[in-house]
Structure formats: C-alpha cells, structure tokens
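I am opening a notebook page for a structure that is new to me. My plan is to look things up one at a time and to write down what each look gives.

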Amino acid sequence: MTVAAPPSTRKARKRPFWTMERRDSLAGYLFIAPQMIGITIFVLIPLALVFWYSLHEWNVLAQTFRFQGLANYQTLLSDPGLPQVLGATTIFSIGLVIFNMSLALLLAVLLDQKLKGITLYRTLFFSPVVVSLVAWTIVWGFLLQNNGGINALLASVGIEGPNWLRHPTTAMISVIVVQVFKNVGLNMVLFLAALQGVPRELYEAARVDGTPAFRQFTRITLPMISPTVLLTSIITIVGSLQVFAQIAVLTQGGPGMSTTVLVYYLYQQAFQFHKFGYGATLSIVLFLIVAILTFVQWQMRRKLVFYED
Amino acid sequence: MASVTLSDVKKSYGKAAVIHGIDVDIADGEFVVLVGPSGCGKSTLLHMLAGLETITDGTIAIGDDVVNDLEPKDRDIAMVFQNYALYPHMTVAANMGFSLEHRRVAKDTIAERVKWAAGILGLEPYLDRFPRQLSGGQRQRVAMGRAIVRDPKVFLFDEPLSNLDAKLRVVMRGEIKALHQRLKTTTVYVTHDQVEAMTMADKIVVLSGGRIEQVGAPLELYDRPANQFVAGFIGSPSMNFIPGQVGASGFEADGVTLPCPAGTPIGTKAIYGVRPEHFTLSPDGIKAEILIVEPMGSETQVTMKLGQTSVIGLFRERVAGMPGETIGITIDPAKTHLFDAVNGQRLG
C-alpha cells in the first residue's frame with residue numbers, strides 16, 4: 001500500500017526582482033562608478049572640450065571665441081616651427097627613454113645583490129622621485145650654469161666645461177640628464193620588484209647548466225621581467241612626451257628652439273601668444289602621438305613580452 | 001658515470017651549524033636517497049654537492065676529483081629541481097637543449113640529443129609546447145629530459161615529486177627508477193617521503209638534524225633500524241614504541257608483558273618497538289582493547305590499547321570487532337626491536 005505524500009507547507013514564491021545575479025551586477029557597477037565618474041569629469045569631458053576649442057579661434061585678451069572649422073589644423077600643417085619642435089621632442093624622448101631605462105635596469109640589478117646597507121642605497125637612489133620637481137630643477141639649474149658647481153668640479157681636474165644650458169647639444173643633454181636623475185628611481189624600483197620575482201631556481205638551474213652571467217641576463221632575466229619592461233617603457237615614453245617644468249625652468253625652450261618640446265611649444269602658443277585654439281590643436285596632436293605610440297607598444301607585447309599565464 | 005664521496009662535510013651559516021660532518025660513499029651507478037624530515041639538511045647537502053652552496057669544511061669528490069671549489073657547471077652534474085625550474089618562456093625543446101648551447105655543441109647534435117631524450121621520456125609530441133601548456137607530470141619529465149641530454153656523471157634530484165598528486169607520484173617514481181635502470185647514471189635523490197626512499201633506492205641515507213642516523217639498503221633499515229629515530233621514520237604506519245623494561249618472561253610494559261628477543265639483560269630499561277604489520281590476530285593471544293577500526297580494503301588498520309599504551313596494528317584479515325571490544329594478538333619476538341631508553345640506540 002502506498003501513502004500519498006502530505007501537501008507541502010511551503011508557499012510557491014515569486015522570483016524577486018533583486019536576484020543574486022542582479023545584486024552582483026549592481027555591486028560591480030558601484031565599485032567602478034567612482035573611477036568612471038573621475039575619468040568622465042577629468043579626462044573625457046576635458047578631451048572633448050579641447051577638441052571643441054581646437055575648432056575655434058580663441059583669444060582671451062581680445063575676448064574672441066570664433067568657430068573656424070579646421071583652420072587651426074591647416075595652420076598646424078604649415079607651421080614652420082613644428083618640424084623643429086617635433087624633432088626636439090623626438091630627440092628628448094628617445095634620449096630619455098634609453099638613458100632612463102638602461103640606468104634604471106643597471107641600478108636595479110646592482111641593488112638586487114645581497115650587500116650590507118642595501119636598503120640605504122635603494123632609498124638613496126629612489127629619494128629624488130619624492131623631491132619637488134621645480135626645486136630639483138632649480139638646483140640643477142645652478143649646478144649647470146657656466147660658473148656653476150659642475151664646471152667648478154671639472155675645473156678642479158683641469159677640464160674647462162661648456163656653458164651647458166646655452167649650447168643646443170649640451171642643453172638637450174642637460175635636460176635629459178636632469179629628468180633621468182629625477183625619475184630613474186621609479187623605474188628602478190619597478191625593475192627591482194620584477195627582478196625579485198624571478199624564481200631563484202631558474203638561476204640555480206642556469207648555473208648547473210653552465211650559462212654565462214651575461215647570457216643568464218639576456219636569455220632568462222630579460223624575458224622574465226619583460227612585462228615590467230613594457231610597463232616602464234610606456235610610462236617613460238608618455239612621461240617624456242609631457243615634459244614641461246624642466247624645460248621651463250632650465251632653458252625656456254632655448255637656445256633657439258633646440259629644447260622646445262611639444263608641450264612647451266603648446267604652452268607658448270596658448271599662454272604667451274594667447275592662441276588658445278591653436279594650443280588646443282597642438283594638444284590634440286600630442287594626444288594622438290601618445291595614443292598611437294601606446295597602441296603600437298601594446299601590440300608589440302605579443303612579440304616582445306612573455307606572460308606566464 | 002662516477003662515484004661520489006662526501007668526507008666529513010660540514011656547513012654553517014655564521015655560528016649556526018646545520019650539517020655536522022657527513023661521510024657518505026656512493027658507488028658508480030648507485031641510486032642513493034637522502035631522506036629525513038623537513039629541516040634535516042638533506043637539500044642543503046644536495047646543493048653543496050651541486051656547488052650551489054659552499055661547504056664550510058670537509059671534501060666532496062666526484063670520481064677522483066675533489067670538487068669543493070669547482071663551479072656547478074664544472075662538476076659534470078645535472079639537477080632536477082623541486083619546482084622543475086623550467087624556463088617558462090622557452091619551448092620544451094629549447095629548455096632541454098639550452099644547457100648544450102653554452103657548451104659549443106653543434107645545433108644538429110643538440111637537436112639529436114633532445115630528440116633522443118624526448119624519445120626516452122615520451123615527450124616527442126610536446127617539443128614545441130611551452131611549460132605552461134603541460135601537466136605537472138609532463139613538466140617533471142621535461143626537467144628530467146633537460147638533465148639527461150647532457151649525459152652527466154651524476155644526477156641530482158631535489159624532491160622532484162613533491163608537487164605532484166599521489167597517483168602521478170607513483171607513476172613518476174616508476175619512471176625515474178626505470179630511467180636509472182636504463183642509463184645507470186649515479187643518482188642522488190632527496191626526499192622526505194620514506195616510501196619513495198624505500199621503493200627507489202639502492203642505498204638510503206637517513207638524516208636528522210644535520211647528522212646521519214643510518215646508511216644502508218632499504219630492507220636493512222626496515223629490518224634492523226640503528227636507532228629509534230630510523231625505526232620510527234622508515235615504515236608506514238610508523239613503528240609502535242612502548243616504554244618498559246626487560247623482565248624474566250618478556251618485556252614488561254605498563255599492564256602487559258610482551259615477547260622480546262633474547263640476549264638483553266633482565267632489568268634493562270628500554271623502548272620496545274614493533275611494526276603495525278607484525279601483529280598477528282590470535283584468539284588466544286595477548287588481549288588488546290579496540291579503539292578504532294579503519295578498514296582499507298586489502299587490509300585493516302586497528303588502533304588498540306595494549307596495556308596502557310595506544311598502538312596501531314595492520315592486519316591482512318578483516319577485523320569485525322567494535323571499539324570497546326577486545327581482540328587477541330601475537331607478536332613474533334624475532335620481529336621486535338629494543339632501543340635504549342636514554343639514547344634511543346638499538347639494543348642487541
């Protein structure tokens with residue numbers, strides 16, 4: 001004999017609107033909301049405004065704001081100073097990236113050793129990063145003067161130093177060196193963290209295999225830290241294209257236009273010659289250069305960067 | 001192939017001595033396992049043999065050459081690491097051939113050697129893959145392949161199976177043993193797993209606290225452990241230890257008299273040792289109270305109270321008793337051990 005099951009006392013419940021999936025989605029959106037609001041207010045809206053301004057002739061002193069379509073872009077193409085500005089920007093960027101990353105990697109490798117007082121050395125090389133940029137540059141400005149500290153030091157060993165900031169070649173070298181010494185500590189710390197993340201067993205295996213030290217560096221260390229190399233190269237290139245304060249304090253773009261990089265030229269056009277519309281156009285050019293370079297680097301990662309996962 | 005001799009090898013880090021004078025002779029082609037609990041110094045000893053750690057005192061010789069001051073690359077050894085230490089950005093073939101690149105070996109020869117090693121280890125289908133695309137066992141085989149392409153005098157294995165699951169460990173254990181039987185290269189193998197040591201070794205070196213406890217063939221260590229440490233370390237489940245003293249009618253423990261080998265003076269305070277598998281069920285035997293019964297299919301593990309001491313018994317038969325009931329057991333005196341109650345050394 002079979003007995004029928006008693007009727008369930010549970011009520012059939014209607015599916016609630018706030019399902020677990022919806023709650024999770026809402027939580028996700030709430031987490032990213034502050035960042036999205038910040039990007040919208042401080043990046044996307046200003047970018048749109050800059051593009052809008054680049055379509056206008058805007059003179060603050062004359063209080064004119066007139067739509068003129070692509071006229072500023074036509075001016076850009078025929079601007080006789082622009083090739084020199086782009087040339088100076090390229091030289092500055094290439095010099096800075098090569099010097100900064102090489103020095104940072106060298107310092108990181110040296111500071112990755114088990115030495116007494118290594119923390120002190122690491123702090124010492126990182127400390128310029130936290131120093132005020134303008135103060136740092138002013139001090140270097142004094143040191144690089146014709147009768148400054150560096151030439152005095154050279155004179156003490158019988159060498160007559162050049163007028164560093166008044167000669168086109170040495171001026172460019174000077175601003176690059178000042179910028180590298182200021183920021184090399186940041187890349188150094190990133191490289192150091194990457195080096196310390198390489199499993200020690202790989203080096204032990206390489207030692208047993210008889211891999212020479214330089215080959216260990218090129219065949220094991222560099223591929224293993226390649227994600228960090230990509231990151232630092234993007235940060236450094238973007239930073240080099242945005243350099244302003246060092247140029248403004250040390251050379252004001254001179255001698256001639258030898259150190260007039262794009263951002264400084266933009267500043268001159270907008271705030272010295274009051275051509276805000278044309279300044280905005282130059283900003284768009286800068287944005288496109290940074291975007292294209294970053295995109296190219298990101299694409300190259302597949303070939304040059306090793307990711308374990 | 002070559003013999004390996006460690007003579008009074010010591011290692012200290014500052015004032016802390018971690019290896020206290022190790023003497024081991026490893027014959028040409030022998031498979032020697034260094035075994036011991038974590039921190040006993042077995043990996044340090046292997047790293048010293050590899051040249052990855054300096055030695056504080058003593059000599060290490062490979063063949064007729066003292067290698068104390070030689071770089072790892074000049075010792076003609078190859079090492080398999082616990083975490084494989086494969087270069088993750090290189091393919092299997094590149095990993096295996098990498099060590100030959102620095103030795104000015106022709107590319108064709110490297111390719112041949114890699115193919116030969118891959119053939120032995122069943123890695124031929126995976127030569128173009130990266131380590132991340134392989135399973136744990138395949139990675140371990142690549143690490144072994146990297147070692148054998150060089151045809152070194154000595155293989156060093158540093159806990160190579162500890163990252164694998166239990167089933168794969170058994171498979172790889174067999175593969176390493178088969179590889180040794182095929183190549184007959186002198187092998188030093190470090191593990192904390194006594195089952196690995198027992199099944200693979202020609203000779204086992206048991207280490208504890210940076211000292212050798214016993215050196216011998218696996219069954220020698222099992223049958224005649226030199227001291228209580230080795231007796232407890234070798235064998236699974238561990239040997240049972242019961243404190244007491246030797247009496248006229250046997251070993252007198254707390255509440256029970258147990259059969260023991262003759263020859264030990266009456267009144268000697270000692271630790272009585274008997275392996276779980278050396279108990280036999282017998283209704284007329286010594287009575288023990290069942291505490292836990294753990295049927296494992298092929299055998300039954302019973303935790304029981306013998307006198308006042310809790311011991312483990314391992315029986316081929318199925319034990320039907322319940323906790324609280326008593327069973328009868330017998331012990332073959334020839335399979336029991338006595339250890340000094342003070343220093344743990346074997347008596348008799």
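Which domains does the domain assignment give for chain B? I found domain 1 (4–233) and domain 2 (240–340) in chain B, with bounds that come from an automatic or database domain assignment.

Before going further I noted that this is a predicted model, in which local features need pLDDT of at least 70 and side-chain atom pairs count only at pLDDT 80 or more, while totals for chains, interfaces and linings use all residues. Residues are numbered from 1 along each chain as its sequence is written, and chains are lettered from A and ligands numbered from 1 in the order in which they are written.

**Confidence.** I looked up pLDDT, the predictor's confidence in each residue, from 0 to 100, and for chain B the mean is 93, with 100% of its residues at 70 or more. The model scores ipTM 0.84 and pTM 0.82.

**Domains of chain B.** I read that the centres of domain 1 and domain 2 of chain B, taken over C-alpha atoms, are separated by 39 Å. Their contact takes four residues from domain 1 of chain B and five residues from domain 2 of chain B, where two residues are in contact if their C-beta atoms, placed from the backbone, lie within 7 Å.

**Between the chains.** The contact of chain B with chain A takes 18 residues from each of the two. On the side of chain B that touches chain A, the largest share, three residues, comes from β6(B) (helices, H or I, of at least four residues and strands, E, of at least two are DSSP runs, numbered from the N terminus).

**A hairpin in chain B.** I followed strand β1 (residues 4–13) and strand β2 (residues 16–26) of chain B, which pair in the antiparallel sense over eight bridges; two strands pair if DSSP finds at least two bridges between them. β1(B) and β2(B) form a hairpin with two residues between them, and B:Gly14 in the turn has a positive phi of about 65°. B:Lys11 has B:Ile19 in β2(B) as its bridge partner.

**Two helices in chain A.** Helix α2 (residues 71–78) and helix α13 (residues 276–304) of chain A pack with their axes 9 Å apart, at an angle of about 70°, and α2(A) and α13(A) are therefore roughly perpendicular to each other (65 to 115 degrees).

Conventions: Axes are lines fitted to C-alpha atoms, for helices over the stretch in contact, and angles run from 0 to 180 degrees between N-to-C directions. Angles under 35 degrees count as roughly parallel, over 145 as roughly antiparallel, 65 to 115 as roughly perpendicular and the rest as oblique.
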